[in-house]
Amino acid sequence: MNEYLLPVIEHKEIAPDIFSLYLKGNLKNYEPGQFVQVEVSESLEPFLRRPISICEIDKKGIRLVYRTKGRGTKLLANKLASRDQNNYGKTYLRIFGPLGHGFPIIGNKATLIGGGIGVPPLLGLAKKMWQQGMKITALLGFNTKENAILIDEFKNYAEVLIATLDGSLGHRGLVTELITDNATPVYACGPEALLRALERFNLTGYYSLERRMACGIGVCLGCNITVLTKDKKELRQRVCYDGPVFPLGFVKWGEAGD
Amino acid sequence: MTDRYFLLVLLSGVKQVIDLGGAKLRNRFMSASGCFGYGKEFAKVMDLNTLGAIVVKGLSLKPWPGNKGVRVAETPAGMLNAIGLENPGVDYFIDHYLPFLKAKDIPIVVNIVGHSLDEYIQVARRLEKTGVEALELNISCPNVKEGGIAFGTSPTKAFSVVKAVREQSTLPLWVKLSPNVTDIVEIACAVKDAGADALTLINTLTGMVIDITTGKPLLGNVTGGLSGPAIRPIAIRMVYQVATKVDLPIIGVGGISSLSDALEFFMAGASAVQVGAALFRDPLLLERLPKELEDYLKQRQLSIEEVIGLARRSV
Ligand SMILES: Cc1cc2nc3c(=O)[nH]c(=O)nc-3n(C[C@H](O)[C@H](O)[C@H](O)COP(=O)(O)OP(=O)(O)OC[C@H]3O[C@@H](n4cnc5c(N)ncnc54)[C@H](O)[C@@H]3O)c2cc1C
Ligand SMILES: Cc1cc2nc3c(=O)[nH]c(=O)nc-3n(C[C@H](O)[C@H](O)[C@H](O)COP(=O)(O)O)c2cc1C
Ligand code: FES
């Protein structure tokens with residue numbers, strides 16, 4: 001992990017309120033599932049950085065896909081959108097990372113399960129697995145067709161199945177309804193409700209968690225959760241440092257978090 | 001190579017030593033407790049030896065689990081935290097973190113907490129002869145139900161806990177005060193009378209945010225401690241007031257995010273400073289500050305002694 005000041009080379013709205021951002025550069029030893037702390041303001045307001053997953057890293061640069069949710073991300077999007085396209089490369093963004101531990105890749109097949117804004121980090125994972133010759137199925141869930149993102153890009157690496165809540169694209173219903181008996185191992189990222197729902201299936205694999213963070217580097221203990229070990233002992237873990245990826249089924253929910 | 005050049009090289013290699021209530025520091029910039037863990041994480045991103053000292057997260061006798069629910073919230077120019085002093089206990093620190101820190105070339109200051117007078121004493125005793133440079137007695141954490149701030153808001157209680165630890169420990173004793181009081185000078189005097197060697201000012205201010213979508217307090221602990229630039233003017237005022245009335249070295253902390261912020265603390269009367277929440281937005285800040293101060297002094301041909309307390313001498 002390190003501090004980087006990188007030129008923004010692309011910033012596009014790929015769905016309502018969802019932006020794809022490319023920074024020129026590379027992050028050494030990046031593992032899919034890791035994130036960066038993004039400085040949204042050079043002044044002291046908003047004060048904290050925002051944790052955003054690395055979507056992928058390729059020849060072009062480091063890609064982040066983020067949704068404008070509150071003050072900080074809206075500020076970021078406005079700042080970048082107001083710049084003339086021709087000035088890309090002259091606008092810089094400060095990031096710190098890569099942070100946390102990514103998804104461990106095991107075996108020769110995998111099912112990736114993503115919901116909403118949890119989908120982006122799975123793209124870098126799909127690409128890495130594909131490069132290793134694995135057989136990948138991607139189950140992606142969105143609210144509506146309008147919110148669906150990155151589908152064509154996933155198709156380069158995986159067999160893709162879509163679910164939308166209103167049925168405007170793919171299966172009508174929840175993404176978990178697409179899970180088959182031989183889905184193991186799964187790699188999931190998305191809203192907490194999705195991650196918890198996965199625990200009701202007979203599956204093994206990994207899920208990536210989200211918690212409010214201050215430091216993002218493991219020193220403030222703002223993001224601590226309890227994780228169960230294989231022999232059912234309770235262990236305190238920092239989502240930012242020990243996670244955000246944890247073995248499926250081992251998180252003790254509902255005690256720290258939103 | 002001329003002799004003169006050789007001498008310069010030799011001199012610049014000599015480590016500066018600053019005395020702070022009997023503790024020897026490398027420079028005037030330290031981490032604030034709870035914002036730097038026990039050093040292992042930051043060691044991966046910066047050279048710990050650039051710190052004047054490392055002040056580690058508060059330690060109790062037994063491990064504390066901390067608070068449930070949301071623990072951090074951003075606020076205007078700052079943040080609230082309600083960690084609740086989650087820590088692995090002093091023995092775990094001694095076995096698992098201290099050897100790592102001692103292998104570095106850096107003074108170690110241990111922030112200690114307790115639910116009771118006895119717990120403070122026991123933690124302090126455990127740290128005798130372990131090679132730590134000083135104790136920082138935290139009588140000011142707003143996020144635990146018993147102990148902590150309860151000791152820091154009453155002059156008599158503050159006196160008793162400082163005196164008890166003073167009698168049981170040979171280490172330099174810094175006492176970290178709470179700003180959640182009407183008269184900080186009164187507490188500072190009591191703590192001095194009890195035998196403190198230095199004062200750390202300030203810990204966080206109690207605050208609260210409400211999530212208007214749920215109508216509930218956002219933090220699991222309901223209230224939390226405010227830190228960051230938002231509290232700096234309060235911290236400056238308190239350092240200034242205490243420096244005027246109490247003859248003890250002061251370590252200033254609260255909202256420092258740049259050299260100019262640190263200079264305000266020095267001018268108010270602090271001999272050294274700590275940096276906390278600003279590290280979350282600028283993790284390499286502490287690596288830069290000592291050099292920036294050196295350059296500042298050189299440019300203006302000032303000594304740090306001339307800067308410390310400047311604002312008090314000029315009114
Ligand atoms: C490890 C990790 C990876 C993430 N990856 C992505 C991603 O790839 N794309 C994406 O769009 N979002 C991602 N998020 C969520 C993103 O961090 C939040 O949506 C964002 O911080 C909200 O900031 P804001 O300025 O919009 O909201 P504000 O309401 O202004 O935020 C106020 C404070 O609350 C925190 N906060 C608010 N909501 C969340 C949340 N849901 N999770 C964590 N912190 C929150 C903010 O960081 C900030 O400190 C990730 C979160 C984590 C923890
Ligand atoms: C996440 C967090 C944890 C903290 N933990 C401790 C602690 O364990 N002991 C202590 O004395 N102060 C603790 N503090 C208070 C800081 O050391 C410091 O006094 C305060 O945050 C003001 O400085 P700042 O504005 O630079 O952060 C903590 C602060 C934060 C933000
Ligand atoms: S956010 Fe600070 S420890 Fe995880």
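A residue is called buried if 20 or more other C-beta atoms lie within 10 Å of its own, exposed if 12 or fewer do, and partly exposed in between, with C-beta atoms placed from the backbone. The model is a predicted one, in which local features need pLDDT of at least 70, side-chain atom pairs count only at pLDDT 80 or more, and totals for chains, interfaces and linings use all residues. Residues are numbered from 1 along each chain as its sequence is written, while chains are lettered from A and ligands numbered from 1 in the order in which they are written.

**Stop 1: chain A as a whole**

Select chain A, which has four helices and 17 strands; helices (H or I, at least four residues) and strands (E, at least two) are DSSP runs, numbered from the N terminus. Its C-alpha atoms fill a box of roughly 50 × 40 × 35 Å along the principal axes. The radius of gyration of chain A is 18 Å, which agrees with the value near 18 Å for a compact globule of 258 residues; the radius is taken over C-alpha atoms, and the globule rule is 2.2 Å times the number of residues to the power 0.38. Of the 258 residues in chain A, 49% are buried.

**Stop 2: the exposed loop residue A:Asn29**

Select A:Asn29, in the loop between β2 (18–23) and β3 (35–38) of chain A. A:Asn29 counts as exposed because it has 8 C-beta neighbours inside 10 Å. Although A:Asn29 is not a glycine, its phi is positive, at about 55 degrees.

**Stop 3: the domains of chain A**

Colour chain A by domain: domain 1 (2–99), domain 2 (103–207) and domain 3 (209–258), with bounds from an automatic or database domain assignment. The C-alpha centres of domain 2 of chain A and domain 3 of chain A are 22 Å apart. Ten residues of domain 2 of chain A are in contact with seven residues of domain 3 of chain A, where contact means that the C-beta atoms of two residues, placed from the backbone, lie within 7 Å. On the domain 2 side of this contact, α4 (192–198) and β13 (205–208) of chain A each supply at least two residues. β13(A) gives the largest share of that side, three residues.

**Stop 4: two cis peptide bonds**

Still in chain A, select A:Thr184 and A:Pro185, which are joined by a cis peptide bond with omega of about -5 degrees. A:Pro185 is in the loop between β11 (171–172) and β12 (186–189) of chain A. Next, select A:Gly243 and A:Pro244, where the peptide bond is cis with omega near 5 degrees. A:Pro244 lies in the loop between β15 (234–238) and β16 (245–247) of chain A.

**Stop 5: ligand 1**

Which residues are closest to ligand 1? Of the 22 residues that surround ligand 1, the closest are A:Ser53, A:Lys69, A:Gly70, A:Gly72 and A:Thr73; a residue is near a molecule if its C-beta atom, placed from the backbone, lies within 6 Å of it. Ligand 1 lies between chains A and B. β4(A) gives the most to the shell around ligand 1, with four residues. The shell around ligand 1 also draws at least three residues from each of domain 1 (2–99) and domain 3 (209–258) of chain A.

**Stop 6: ligand 2**

Move to ligand 2, which lies between chains A and B. It is surrounded by 27 residues, the closest being B:Ala32, B:Gly34, B:Gly58, B:Ser227 and B:Gly276.

**Stop 7: the contact between the chains**

Show both chains: the contact takes 27 residues from chain A and 29 residues from chain B. On the chain B side, the elements that give two or more residues are α2 (40–43), β5 (72–75), β6 (78–81) and α10 (278–281) of chain B. β6(B) gives the most to this side, with three residues.

**Stop 8: residues of chain B**

Finally, select B:Val222, in the loop between β13 (216–217) and β14 (224–227) of chain B. B:Val222 is not a glycine, yet it has a positive phi of about 70 degrees. B:Val222 is partly exposed because 13 other C-beta atoms lie within 10 Å. B:Glu294, in helix α11 (residues 285–300) of chain B, is also partly exposed, with 13 other C-beta atoms within 10 Å.
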